Amino acid sequence: MKDYDLEIRVVKQKIEDAHALLCQLETERKNYLTQLERRKAFLSSREILDILETKAGRAGSMATVKRWADQGFLGDWIDERETFPLLVSKQGNKRFLFPRESVLTYLYKKGYLRPSYEVLDRIQLIRDSTCCWGIITSVKRSDQHFIYQVQLEKTGEVLLSVPEEELLIP
């Protein structure tokens, strides 16, 4: 004869354990996603060097980034392992992160982060798979990209917030 009461208690205990594990995992996932979102506000030395290489075509070194940091040009650094313990940590003894906006502002002021097109450049604009000609009337930095204001030659219409990817120099 089966002991239904014992089996019911065992199943209920398994359900309680599974529910507790589920709550723990959901909390941990929420904390992970929060840390991942907060991490986007910072740049590591490697990420700074990657920006230098892609945007300025300049190969930098960790020593350069360290010198900039020591001189205070990159803002107040934080330790990645202490601040973001749930994120996958990279190798290396020290993992400093610098405020993204401070770094990008410094790179922009130094000329390492510059727009592909200047004001009054004549460009081709690609919109809805058609090309039209225009003149750049203003340039604004948005993170590590640039947003352009373009006046179309044919109509005189001014387009605001045109991303760099839609522009071509003839």
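I started with Phe146, which is buried at 3% relative accessibility. Buried here means under 20% relative accessible area, exposed over 50%, and partly exposed in between (1.4 Å probe, protein chains only).

Ground rules, before going on. This is a predicted model, where local features need pLDDT of at least 70 and side-chain atom pairs count only at pLDDT 80 or more, while totals for chains, interfaces and linings use all residues. Residues are numbered from 1 along each chain as its sequence is written, and side-chain values use heavy atoms, with hydrogens and water left out.

**Aromatic rings**

I looked up ring pairs next. Rings of Phe, Tyr and Trp (its six-membered ring) pair if their centres lie within 6.5 Å; planes under 30 degrees apart count as stacked, over 60 as edge-to-face and the rest as tilted. That rule gives seven aromatic pairs. One of them is Phe73 with Tyr106, stacked at 5.0 Å centre to centre with 5° between the planes. Phe73 is in the loop between helix 3 (62–70) and strand 2 (78–79) and Tyr106 is in helix 5 (residues 100–110), so this pair ties together parts 33 residues apart in sequence. For the element numbers, I note that helices (H or I, at least four residues) and strands (E, at least two) are DSSP runs, numbered from the N terminus. Tyr106 is buried at 10% relative accessible area, whereas Phe73 is partly exposed at 36%.

Back to Phe146: its ring and that of Tyr108 have centres 5.9 Å apart and planes at 40°, so I log the pair as tilted. Tyr108 sits in helix 5 and Phe146 in strand 6, 38 residues apart. Tyr108 is partly exposed, at 41% relative accessibility.

I also found a cluster in which ring pairs link Trp68, Phe73, Tyr106 and Tyr112.

**Charges over rings**

For these I need NZ of Lys or CZ of Arg within 6 Å of the ring centre and within 35 degrees of the ring normal. Arg122 lies over the face of Trp133, 4.1 Å from the ring centre. The charged end of Arg141 sits over the ring of Tyr108, 6.0 Å from its centre.

**Two helices**

How do helix 2 and helix 3 pack? Helix 2 (residues 45–56) packs against helix 3 at an angle of about 110°, with the axes 10 Å apart. Axes are lines fitted to C-alpha atoms, for helices over the stretch in contact, and angles run from 0 to 180 degrees between N-to-C directions. I call the two helices roughly perpendicular, because that word covers 65 to 115 degrees; under 35 is roughly parallel, over 145 roughly antiparallel and the rest oblique. Ser45, Arg46, Ile48, Leu49 and Leu52 of helix 2 meet Met62, Val65 and Trp68 of helix 3, with contact meaning heavy atoms within 4.5 Å.

Strand 6 (residues 145–152) and strand 7 (residues 158–163) pair antiparallel over four bridges; pairing takes at least two DSSP bridges. Tyr148 has Val162 in strand 7 as its bridge partner. Five residues lie between the strands of this hairpin, and Gly156 takes a positive phi near 80°.

Most residues other than glycine have a negative phi. Even so, Ser161 has a positive phi near 55°; Ser161 lies in strand 7 and is partly exposed at 48%. Leu120 also has a positive phi, near 75°. Leu120 is in the loop between helix 5 and strand 4 and is exposed at 65%.
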